[in-house]
Every structure is written in structure tokens, then in C-alpha cells.
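Trainee: I have a structure open and would like to learn how to read it feature by feature. Could you walk me through it?

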Amino acid sequence: MTKPPLWPAHLHHFCLDTPQIDAVVPWYETHLEMTSEKLADGAVWLSGRQRNVVFRPAAEKGFGYVGYALADADQLARFDADMTKKGAARSGIRSPVFGDGQVSIVDTDGKCFIFGLPVHAETDTPDRLPGRLQHLGICTTDMDSLIAFFTDTVGFRASDIVRNDDGSVSACFLRSDHEHHDLALFAASSSRFDHQCYETTSWNDIRDWGDHFAAQHTEIEWGAARHGAGNNLFIFVRDPDGNPVELSAELETREFEAPPGAWKTEPRTLNLWGSAWTRD
């Protein structure tokens with residue numbers, strides 16, 4: 001089976017709009033131990049060794065864009081040509097976190113996904129509290145179109161598909177490298193950002209993050225628990241805008257050729273240990 005030009009890629013950063021940037025930035029500085037840098041357009045780039053987020057000031061919170069890192073300029077050029085061949089809609093949005101040549105495309109919900117090369121060299125050295133930005137979740141009102149776009153056009157592979165009793169898809173977990181998913185799609189009443197996830201190195205890291213959040217007087221809202229799809233351990237907290245922030249460990253891996261698994265829409269799919277969050 002021939003791998004598409006996308007393969008492999010990994011989630012590098014994302015951008016969100018916030019109406020309270022003066023509260024959000026210090027939260028990420030203290031809670032996720034990131035360093036902030038003001039950008040020319042008024043946005044703020046928050047970074048660690050293995051995690052990057054951009055926040056833009058806005059009247060209300062919203063989805064900005066997502067940045068995926070490719071291996072080198074050759075892969076980026078092949079991906080660009082593939083998107084042209086497939087007629088992917090383009091966007092004029094550019095990320096300050098990527099260098100020249102970045103490829104910006106628009107998904108079927110109008111969200112911008114940018115593929116490029118980081119302006120700063122990436123490192124495998126963990127942060128003091130390990131937590132590598134690993135996946136995002138987004139909600140959509142049209143699962144079938146979005147799944148087709150990311151798999152048929154962009155080149156993601158489906159790892160697990162969750163279906164309702166009538167056969168419709170309630171969730172789909174997509175990968176662009178060996179990890180179970182770096183993009184999770186959820187059926188909901190609106191198209192929006194859902195959550196961000198940082199992969200740690202072990203269960204003990206989850207413990208240490210829990211102690212860290214406790215020291216900040218921040219409540220763990222979901223977990224500790226284990227997802228069914230992906231089989232990873234996790235806890236969730238929320239940032240000042242209410243965006244869910246997940247810390248994960250032991251996420252499954254999949255070979256490129258592996259077919260997607262099938263799950264039912266039920267609490268155990270999202271939490272083998274108990275109850276699950278629901279999405280409207």
C-alpha cells in the first residue's frame with residue numbers, strides 16, 4: 001500500500017481566538033509551563049520544548065488554525081503538489097510558527113489546516129513535566145464529508161470509527177503517523193474546537209500533572225480514566241475560556257496498513273473505567 005505524501009506528519013501547534021488573552025496567557029504559562037512571546041499581529045505564541053499554542057485576541061473565542069509539521073522541504077513540496085492535484089481549497093492564512101513554503105488548506109467545515117516546517121528546531125527533550133502536544137479534537141455537523149476530506153484528500157488514516165445504532169458515525173480517530181490518532185472528529189450540533197491533548201511518558205507523569213494542577217487550585221474535571229478507542233490513560237482540566245485540556249499516557253500505535261477498528265456509541269468507548277463526557 002503506497003503512503004500518501006502527507007505520511008508521516010505530526011501535530012505541531014494550533015491557534016485559538018480568545019476574548020480574554022490577559023487571563024489565558026498566564027494560565028498556560030503557569031499550568032502548562034509555557035513561555036510566551038508577543039507576535040506582530042497582537043497574537044501570543046506560547047511554547048515549551050514539545051508544545052506550542054498561539055492565541056489571538058478576539059471578541060469571542062473561536063478556532064484559528066491547526067499546524068502540522070512535515071519532515072523536510074521535499075515532503076512539503078510533494079504534499080503541496082498532491083493538494084493541487086486533488087483540488088484542495090487553499091487559505092491565505094499563514095502561521096508565524098512555520099517558515100516559508102507552508103501549505104494552507106481549508107477543510108469541508110471551513111477550518112484552516114497548515115502544513116509546514118517549524119521555524120525553530122524541534123527537540124525530543126521532554127519539558128520538566130513531560131507533555132508533548134499530540135492531538136486535537138474538533139466537532140462537526142457533517143462527519144461523512146469531513147472524514148472523506150481528511151482520509152481521501154489529505155491522506156490521514158482512520159484508526160477507530162464509532163457508530164450509533166443507526167450506523168451513523170459519532171466519532172472518528174485519524175492518524176498521520178504511527179500513533180493511534182492526532183486528530184479526533186466528533187459529531188455535534190456545531191462545527192467547533194473540542195479539545196487539545198498532550199502525551200506524557202507514563203502513568204507517573206499523569207500523577208505529577210495532577211499534583212501540579214492541585215497546586216494551582218485547578219480541578220480535574222474528568223479522570224483519571226482510560227479511553228476505549230486509543231486505550232490511553234487521561235485526565236482533563238479546562239483553561240479560562242473553558243477549552244478542555246487533556247493529559248494522556250500509553251496511547252496505542254498502529255501500522256500504516258492497519259484497518260480501522262469498530263466501536264459502538266456508548267460510555268465505555270470513551271471511558272472503560274466509568275462515565276463519559278457527552279457533546280451537544
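Mentor: Gladly. Let's start in a loop: H217 sits in the one between α4 (203–215) and β13. Keep in mind that this is a predicted model.

Trainee: What is the phi angle of H217, and how should I read it?

Mentor: Begin with the general idea: most residues other than glycine have a negative phi, and most peptide bonds are trans. Here, H217 has a phi near 60°, a positive value in a residue that is not glycine.

Trainee: Is H217 buried or exposed?

Mentor: The idea is to look at the relative accessible area, where exposed means over 50% and buried means under 20%. H217 has a value of 76%, so it counts as exposed.

Trainee: Which phi does E33 have, and where does E33 lie?

Mentor: E33 is not a glycine, yet its phi is positive, about 50°. It lies in the loop between α1 (21–31) and β2 (35–38). Its relative accessible area is 24%, and E33 is therefore partly exposed.

Trainee: Let me step back to the whole chain. How many helices and strands does the protein have?

Mentor: The protein has 5 helices and 16 strands. Its C-alpha trace spans about 50 × 50 × 35 Å along the principal axes.

Trainee: How should I read the surface and the charges?

Mentor: For the surface, take the total and then ask which atoms it belongs to. The accessible surface comes to about 12000 Å², with 49% belonging to carbon and sulfur atoms.

Trainee: Which residues of the largest nonpolar core touch the most other members?

Mentor: That core has 56 residues, and Y28, F150 and Y198 are the ones that touch the most other members. Helix α3 (residues 143–154) gives the most to this core, with 6 residues. Apart from this core lies another of 11 residues, including L39, V97, F98 and I114.

Trainee: What is F150 in contact with?

Mentor: When reading contacts, set aside the neighbours within four places in sequence. F150 then contacts D107, F113, G155, F156, L174, L183 and L185.

Trainee: Could we apply this to a strand? Where is G137, and what does it contact?

Mentor: G137 lies in strand β8, residues 132–140. With a relative accessible area of 0%, G137 is buried. Beyond its neighbours within four places in sequence, G137 contacts A184, F186, F193, D194 and H195.

Trainee: Where is A187, and how far is it from C139?

Mentor: Here you set the sequence gap beside the distance in space. A187 is found in strand β11 (residues 183–187). A187 and C139 are 48 residues apart in sequence and 5.7 Å apart in space, C-alpha to C-alpha. A187 is partly exposed, at 33% relative accessible area, and it touches T140, M143, V169 and S170 when residues up to four places away are not counted.

Trainee: One more: is G64 buried or exposed?

Mentor: G64 has a relative accessible area of 7%, so it is buried. Its place is in strand β5, residues 62–69. Leaving aside neighbours within four places in sequence, G64 is in contact with C15, L16, R56 and C112. The C-alpha atoms of G64 and A262 are separated by 31 Å, with the two residues 198 apart along the chain.

Methods:
Residues are numbered from 1 along each chain as its sequence is written. This is a predicted model: local features need pLDDT of at least 70, side-chain atom pairs count only at pLDDT 80 or more; totals for chains, interfaces and linings use all residues. Side-chain values use heavy atoms; hydrogens and water are left out. Helices (H or I, at least four residues) and strands (E, at least two) are DSSP runs, numbered from the N terminus. Accessible areas come from the Shrake-Rupley method with a 1.4 Å probe; for residues, only the protein chains shown count as cover. A nonpolar core is a set of buried Ala, Val, Leu, Ile, Met, Phe, Trp, Tyr and Cys residues joined through side-chain atoms within 4.5 Å. Buried means under 20% relative accessible area, exposed over 50%, partly exposed in between (1.4 Å probe, protein chains only). Contact means heavy atoms within 4.5 Å.
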